[in-house]
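Subject: Structure for your review

Dear colleague,

Please find below the structure that I am handing over to you. My findings follow directly after it.

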Amino acid sequence: MDQVTMARIFFGTSLAFHIIYATLGIGLSAMVFVSEWLFYKRKDLHYAVMAKRWTKSVALLLGVAIPSGTIVAVQLSLLWPGFMKIVGQVISVPFQIEIYAFFLEALALSIYVYAADRLAPLWRVISVFLVAFGAAASGILITSANTWMNTPAGFDMKPDGTVYNVDPWKAFFNPSFGNTAYHVVVSALMTGAFVIVSVASYRLLRGRAAERPVHQKALFFSLILAFAMSFLTAVSGHGSAQNLHQYNPEKLAASEGLFETRRYAPLIIGGVVDQEKREVRNGIEIPYMLSFLAGDRFDTEVKGLEEFPEETWPPAYVHTLFNIMVGIGVLLLALSALALYFWWKQREAKEKNLPRWLLWLLVASGPLSMLGIEFGWIFSCSGRQPWTIYGVQTTAEAATKAGNLGFLYILFAAVYLLLSWMLVKVMISYFRRHPLEEDLEQMRQKGYSYGANY
């Protein structure tokens, strides 16, 4: 295996590991904030218990996100020295600001975890809002660097590789930054909500009767947020397609297996791209839809891959990645809508119970949402190939020339597996030693009451 491919696998594995914890850090922090807000408004101890228990998960996830994020940062320099040579001169601003966002998140989380019982209710809400804000800001700032790789701006380069005429803020607010940052945040919020949906559904299936009111409330409000964020993620996906049409036309063409430039271009669902025969085998065509997604008109002209040199074509499998990502998003949107419909049908009932078959489907929603995040990031990075910085620097030019990456990759993969195993072990141990009934009793002793069941 060549060094470039090994470096991509190495870094891709590190990023795939880190992105789950970073995404859950944003999503679950927001869920804690919503729960604290509901507790502040309703004085219902169930929401306070939710916030308390979910915060433990956020703290543990942060404990893994910090070292894995540090590893990713170090690997940028070790595996991609050519890339970092340009990054240091052009797009270092978001990396510097991200330190302060992380500091805000960590400080506010420390205050909330260790002093929540001594804070006034409103200050509890404010402190956990700062946690969620800091987590989202960190994600947005790092996303800026990724979007700059797709739509580089804010600098010029001489033929000898010398960077000049640098405008760091123009690089920061590059053409694809706004829509992509929005997409990253709403998809993270969606993932956090579906993880709560998954856990609450499982506990309703397997938990004790005394726990049901808590899990029902958790399921209900997380379903509402999951549905809303799924819808907003789909809307932002439409904006991403238009951004690709304007700035990364090869990526859009590859994602749909479009070889010939054409108006009224179809959207192709499924199938396998054959770049030699220049066709998509066994795909289902939706007439005119790709043109509409690209330009809000059915007669929008969409460039095909044949407009570009074949050596700059993204790999054929990005079509499959794109289909899996979109398919998971549509499935989650439909599943949350179906669950809310069943809930609405029971709106007059004192206690609402979803069918067991639907609860089992909802159990799968959390893992599915995380898979959607993974496939989305793989699509984003693979669809840019063979470029590291689109149109400026190829992946081969950016990669390290050092050897022995295979051995290091095995060591780091072992570390990731160990960290994951330790996290699961600690979470299971903690929640077994601190059952839900224990937290409910502690809150009752503080004088809080139950709210109405949904």
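Leu361 lies in helix H12 (helices are DSSP runs, H or I, of at least four residues, numbered from the N terminus). With a relative accessibility of 42%, Leu361 counts as partly exposed, a class between buried, under 20% relative accessible area, and exposed, over 50%, with a 1.4 Å probe and protein chains only.

This is a predicted model, in which local features need pLDDT of at least 70 and side-chain atom pairs count only at pLDDT 80 or more, while totals for chains, interfaces and linings use all residues. Residues are numbered from 1 along each chain as its sequence is written, and side-chain values use heavy atoms, without hydrogens and water.

Leu361 also belongs to a nonpolar surface patch of about 540 Å², together with Leu338, Tyr341, Trp344 and Trp357. Such patches join nonpolar side chains (Val, Leu, Ile, Met, Phe, Trp, Tyr) within 5 Å, from residues with over 30% relative accessible area and no salt bridge (a side-chain nitrogen of Lys or Arg within 4 Å of a carboxyl oxygen of Asp or Glu). Helix H11 (318–345) and helix H12 (356–363) each give two or more residues to this patch, and the largest share, 3 residues, comes from H11.

Thr400, by contrast, counts as buried because its relative accessibility is 8%. Thr400 is placed in the loop between helix H14 (395–398) and helix H15 (405–433). Its C-alpha atom is separated by 43 Å from that of Leu225, 175 residues apart along the chain.

Kind regards

How values were computed:
Patches are made of residues with over 30% relative accessible area and no salt bridge: like charges are joined within 9 Å, nonpolar side chains (Val, Leu, Ile, Met, Phe, Trp, Tyr) within 5 Å. Accessible areas come from the Shrake-Rupley method with a 1.4 Å probe; for residues, only the protein chains shown count as cover.
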